[in-house]
Amino acid sequence: MDVQIPVEPELSESESEEGTALSESEFTCHCCYQVLVDPTTLTCGHSFCRHCLANWWASALPRVRRDCPECRAVWTGFPKVNILLRDAVEKLFPADVNRRKQAILSDPGFCRVLQMFQQHGNTQAPHAAPPQNPPPINIGEFYSGVVTALTFMTMVVLLYRAFSTDSSHEVLLSKPLSRWSADDVTLWVEHLGIWTNQYKETFHREQINGRLLSSLSDDDLFAAPFSIKNPSHRQIILEELHRLRETRVSLNLWQYKDLYLGKSLFLLISLRNFPRLTLLYLFLFDYDDTFLPFIHTSCPATPDAPTDTPLDWPGWRQWAEFLLMYFLLPYQLLSAVAWHWMSVHYWTTGFIIAHAALLTMLDVCFYWTLWKRGQMRTLPRCVWQEVFRVMMEESLFVLMWSLIPQFFCNCLFYYNLYICPFNTAALVKRTLLQTDTQQRRI
């Protein structure tokens with residue numbers, strides 16, 4: 001039985017040209033829409049001209065792009081020329097390929113980009129196995145969830161603080177005597193006992209503040225306008241007054257916030273952005289109330305140093321330690337102060353210490369980058385530009401301070417205290433990744 005194998009007739013010249021035209025579109029680069037030259041296939045399967053891919057890779061310098069120009073899938077490893085596809089294209093379209101290669105070699109821009117691309121590939125580990133594509137993680141959604149949860153926790157803490165605040169008398173005892181107002185003195189007299197009801201109106205009418213109260217003597221209390229004839233009453237008042245003078249006032253974070261909410265917000269924002277300038281401002285304009293307690297807490301005196309009052313002039317050892325930390329690691333001074341609050345608010349102290357460590361990393365990276373680039377002379381200009389930027393951002397808030405509800409101020413305080421550390425952590429990550437990318441490119 002004879003088997004006949006059908007043989008297709010030869011294609012005509014026109015049909016052959018039509019087939020060639022159809023096949024040319026299958027070998028077209030989707031970047032330049034011309035015939036592929038040195039086709040390079042990515043891990044996603046798409047192929048492009050090597051010079052087109054190098055141009056895409058360098059289009060976002062100083063950063064580099066590692067995503068597919070067509071589907072945006074990130075490639076792994078370093079793309080290689082697809083030898084099989086290259087030989088097929090050169091065999092099918094030799095004239096077009098030769099013409100395009102000559103044009104690429106005559107263009108210095110393409111040559112420079114190709115050289116950078118190849119040098120980057122040579123720095124890759126040649127024997128390292130290409131890592132598997134990890135499942136995509138939506139960083140934005142994760143970060144948004146963390147911020148939402150922390151905001152909810154902050155609101156809970158805020159409501160708890162609002163309904164469990166200390167009494168006015170307890171807050172008053174945490175306030176320095178020299179800063180007492182006439183109302184504060186009246187409240188203190190009232191809490192001495194029921195027998196003071198006959199005297200508190202006199203203190204309020206005469207507008208006796210903390211400074212005047214501390215200067216009162218037995219003769220002053222006996223004479224007009226106080227006219228306290230009972231010697232036992234005068235003795236009790238003077239003994240309580242002497243106890244107030246000898247009391248060593250040491251405020252923790254919550255007490256300081258209750259007394260000075262505006263100053264607390266100012267210190268939170270300014271110490272985070274400009275620790276050295278802020279400490280210099282406190283030294284010049286708020287020495288007694290803020291700077292001296294700060295230096296005595298962050299750089300405590302030695303046990304053999306005199307401790308007559310909490311606001312003594314610091315010793316030379318304290319100044320030496322403070323100035324060393326001030327110039328090198330100013331944020332660690334904040335950690336030292338927060339460490340003394342550990343027994344009062346454990347978790348808040350942890351947030352402050354962690355935030356100070358992150359800010360120290362940013363501070364070191366900033367100065368290291370300036371020194372490495374030889375731009376230390378631009379430091380004053382950079383600092384004053386940042387100061388001007390923050391002043392412009394916060395100027396409206398300062399002008400509207402008297403009209404802003406206290407609840408909003410408390411929310412802003414807790415945001416800067418508990419949420420900003422996470423923003424700083426994200427900034428540290430971006431800074432370190434950028435530094436690592438620059439070192440690899442170099």
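Helix H4 (residues 94-105) has twelve residues, and from its first C-alpha to its last it reaches 17 Å, close to the 16 Å expected at 1.5 Å a residue. The expected span is 1.5 Å times one less than the number of residues in the helix. Helices (H or I, at least four residues) and strands (E, at least two) are DSSP runs numbered from the N terminus.

This is a predicted model, in which local features need pLDDT of at least 70 and side-chain atom pairs count only at pLDDT 80 or more, while totals for chains, interfaces and linings use all residues. Residues are numbered from 1 along each chain as its sequence is written, and side-chain values use heavy atoms, with hydrogens and water left out.

The protein chain contains 21 helices and two strands. Of its 442 residues, 32% count as buried; buried means under 20% relative accessible area, exposed over 50%, and partly exposed in between (1.4 Å probe, protein chains only). Among contacts in the protein chain with a separation of 6 or more, 62% are between residues 24 or more positions apart. Contact means heavy atoms within 4.5 Å.

In H4, the buried residues are Val 97, Arg 100 and Ile 104. They cover an arc of only 70° around the axis, so they lie on the same side of H4. The arc is that of the directions from the helix axis to the C-beta atoms. Ala 95, Gln 102 and Leu 105, on the other side of H4, are exposed. The buried residues of H4 pack against helix H2 (50-57), helix H3 (83-92) and helix H5 (108-123).

Two helix pairs are set out below. Axes are lines fitted to C-alpha atoms, for helices over the stretch in contact, and angles run from 0 to 180 degrees between N-to-C directions.

| Helix pair | Angle | Axis separation |
|---|---|---|
| H2 and H5 | about 80° | 9 Å |
| H8 and H9 | about 170° | 9 Å |

H2 is therefore roughly perpendicular to H5, and H8 and H9 are roughly antiparallel to each other. Angles under 35 degrees count as roughly parallel, over 145 as roughly antiparallel, 65 to 115 as roughly perpendicular and the rest as oblique. Residues of H2 in the contact with H5 include Arg 50, Leu 53 and Trp 57, and those of H5 include Phe 110, Leu 114 and Phe 117. Between H8 and H9, the contact is made by Asp 183, Val 185, Thr 186, Val 189 and Glu 190 of H8 with Lys 200, Phe 203 and His 204 of H9.

Glu 190 is partly exposed, at 37% relative accessibility. Not counting residues up to four places away in sequence, Glu 190 touches Thr 196 and Lys 200.

Pro 314 lies in the loop between helix H16 (287-298) and helix H17 (316-328). Its relative accessible area is 3%, so Pro 314 is buried. Leaving aside neighbours within four places in sequence, Pro 314 is in contact with Tyr 287, Leu 292, Ile 295, His 296 and Trp 319.

A disulfide is a pair of cysteine sulfur atoms within 2.5 Å. By this rule the count is zero. Cys 29 is in no disulfide, the nearest cysteine sulfur being that of Cys 49, 3.9 Å away. Cys 29 is buried at 0% relative accessibility. The sulfur of Cys 44 is 3.6 Å from the closest cysteine sulfur, in Cys 68, too far for a bond. Cys 44 is partly exposed, with a relative accessible area of 31%.
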